Amino acid sequence: MFEFELPDLGEGVAEGEVLAWHVAVGDTVTEDQVLAEVETDKAAVDVPSPVDGVVRELHAEVGDVVQTGEVLITIEEDGDAAESEAAETDASEGATTDGETAAAGAETDVTTADGRVFAAPSVRRLAREEGVDLATVEGSGPGGRVTEADVEAAAEASERDADGPTSVVSKVGEDEDDGPTSVVSRVDADESDGGESDERAVKSAVRKVSAAEPMAERRDRTLATPATRRLARELDVDIDAVPTDETRDGEPYVDEAAVRAFAEAESVEVTDEDVREVTEAVVSEMQSIADEAAAEETTGVDATEGDRREPYRGVRRAIGEQMTRSRREVPHATHHDEVAVPDLVAARERLQPLAEERGVRLTYTPFLLKCVARALDDHPILASQLDEANEEIVFKSDRNVGVATATDHGLVVPVVEDVDEKGLLELATEVDDLVDRARSRDIDREEMQGGTFTVTNFGAIGGEYADPVINVPETAILGVGALKERPVAEDGEVVAKPTLTLSLAIDHRVIDGADGARFVATLKEYLSDPTRLLLE
């Protein structure tokens, strides 16, 4: 049997939603035949069969989200059936007559004869999250299928069997409101068996401090024998700071053993690396608790009669996640301006008939892209990206400009590469092709990657100004309003001229407001007089 896993559908793609199956169980398929249509965060792609054979199992339903690397479909290749029959014959001839052995084997075997484990994609995802090997889990579902409950039980059993100190987080109940609630403890690698080790491990625990775990606070008075006090002086230990549960005549009492134990604990060197590891572990644990609490607090939306629900996934969910990331991580600043473009209108009117003779529809978009590319040459900070991992700003040399496109399935951004190296007619043809294929969902993911700047033309719908959201990891986006006549002051008079409104959003971590204003000023010069593009 050939278990076909969902392949890597593009850089950064971790999952895909099954939109449609083009085959059913029992169908005969050939190599390169389309098996299913899967939607990633930006595009719908056809998944072809890598082998010839017969479909034996579909591991996902339409609408299921499958992770990259998860089994999507099981195909019995040509020759598998013969091999299976031969294997069964060999097995029957060499079968053991020991009933106990057979019974024991049946109890431990949780997979099929060919090693497959029956489990839904959600169960497999849960197993990965919990670190559970599905091959070791005995399924309680129909036909031995592994369920989520099986995985959770296996994970709990694994935790109980784990040896040595572990990182734990204990939630403090509402009734536990007195006294200190948490500490960060250093645990020696061999503490459980009393041995000493030169190599010590730092593990974090956020735990409730009970009465049996006294805090090392300095006391005003401590009873001790003269020998104990002498030992404390030799070990440079403050005897009033040594923890103790013992008392004499109602006063805290410390013996030599307590002093030695305290001195040994104090002598353990805590390095900066130890502190860093402990801090990261505690923060991680607390973040997990916060995430779980937030998930529990999330409530659904009540729907009344007549309301309609649609799944929030695929492209729509990807758009939401991208916009959320951009607004959360990027401090936006938006610059608005307006430019009179009578010469741009005249240039297009002169060139449009020539373009039509060559079968090209010439819009204002190619002019806009050329002006943007030239302005980016003059102000390269607008074509940059922030590399936070290396704490560097990367100035992109390519003038690959994304064109935001509204489609029935959401907003997509096909990228026009090397705008600065192409003519108006070539750009017009390429833009029309990309936009058409984006709307028909026939565009490749690679054609929506690699952009260094984005242009969104909301003016096509009739708007003037907006606050566009930056397409991370880019650092700027230009919104263009409707081209129409507006009042313009000229030589002391108000006249009507065709104008464009501009809305430039910048990442204020990288681009200063002055840089954004200069870019827009340069762009206005090119838009108001396109012949300036001929100078270079």
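Predicted model: local features only at pLDDT ≥ 70, side-chain atom pairs only at ≥ 80, totals over all residues.
View 1. Strands here are DSSP runs of E with at least two residues, helices are runs of H or I with at least four, and both are numbered from the N terminus. Two strands pair if DSSP finds at least two bridges between them. Residues are numbered from 1 along each chain as its sequence is written, and side-chain values use heavy atoms, with hydrogens and water left out.

**View 2. Strand β2 pairs with strand β4.** β2 covers residues 15–21 and β4 covers residues 34–39. The two pair in the antiparallel sense over 4 bridges. Look for Trp 21: its bridge partner in β4 is Ala 36. In a regular strand, side chains alternate between the two faces of the sheet.

**View 3. Strand β23 is joined to β13, to β21 and to β22.** β23 spans residues 493–507. Strand β13 (residues 332–340) runs antiparallel to β23, with 9 bridges between them. Here Thr 334 stands opposite Ala 505. Strand β21 (residues 476–480) is also antiparallel to β23, through 5 bridges. Leu 478 has Leu 504 of β23 as its bridge partner. Strand β22 (residues 484–490) is antiparallel to β23 too, with 7 bridges. Glu 485 stands opposite Pro 498 in β23. The hairpin of β22 and β23 has 2 residues between the strands. In this hairpin, Asp 491 takes a positive phi near 55°.

**View 4. Helix α10 packs against helix α11.** Two packed helices are described by the angle between their axes and the distance between the axes. For α10 (residues 365–378) and α11 (residues 424–439), the angle is about 115° and the axes are 9 Å apart. Axes are lines fitted to C-alpha atoms, for helices over the stretch in contact, and angles run from 0 to 180 degrees between N-to-C directions. The two helices are therefore roughly perpendicular to each other (65 to 115 degrees; under 35 is roughly parallel, over 145 roughly antiparallel, and the rest oblique). From α10, the contact (heavy atoms within 4.5 Å) uses Thr 365, Pro 366, Phe 367, Leu 369 and Lys 370. From α11 come Leu 424, Leu 427, Ala 428 and Val 431.

**View 5. His 409 sits in the loop between β17 (405–407) and β18 (410–412).** Is His 409 buried or exposed? His 409 is buried, with a relative accessible area of 16%. Buried means under 20%, exposed over 50%, and partly exposed in between (1.4 Å probe, protein chains only). Leaving aside neighbours within four places in sequence, His 409 touches Val 315, Arg 316, Ala 438, Arg 439 and Arg 441.

**View 6. Ile 393 belongs to strand β15 (residues 392–395).** Ile 393 counts as partly exposed, at 37% relative accessibility. Ile 393 and Val 510 are 117 residues apart in sequence. In space, they are 7.5 Å apart, C-alpha to C-alpha. Val 510 is one of the contacts of Ile 393, leaving aside neighbours within four places in sequence.
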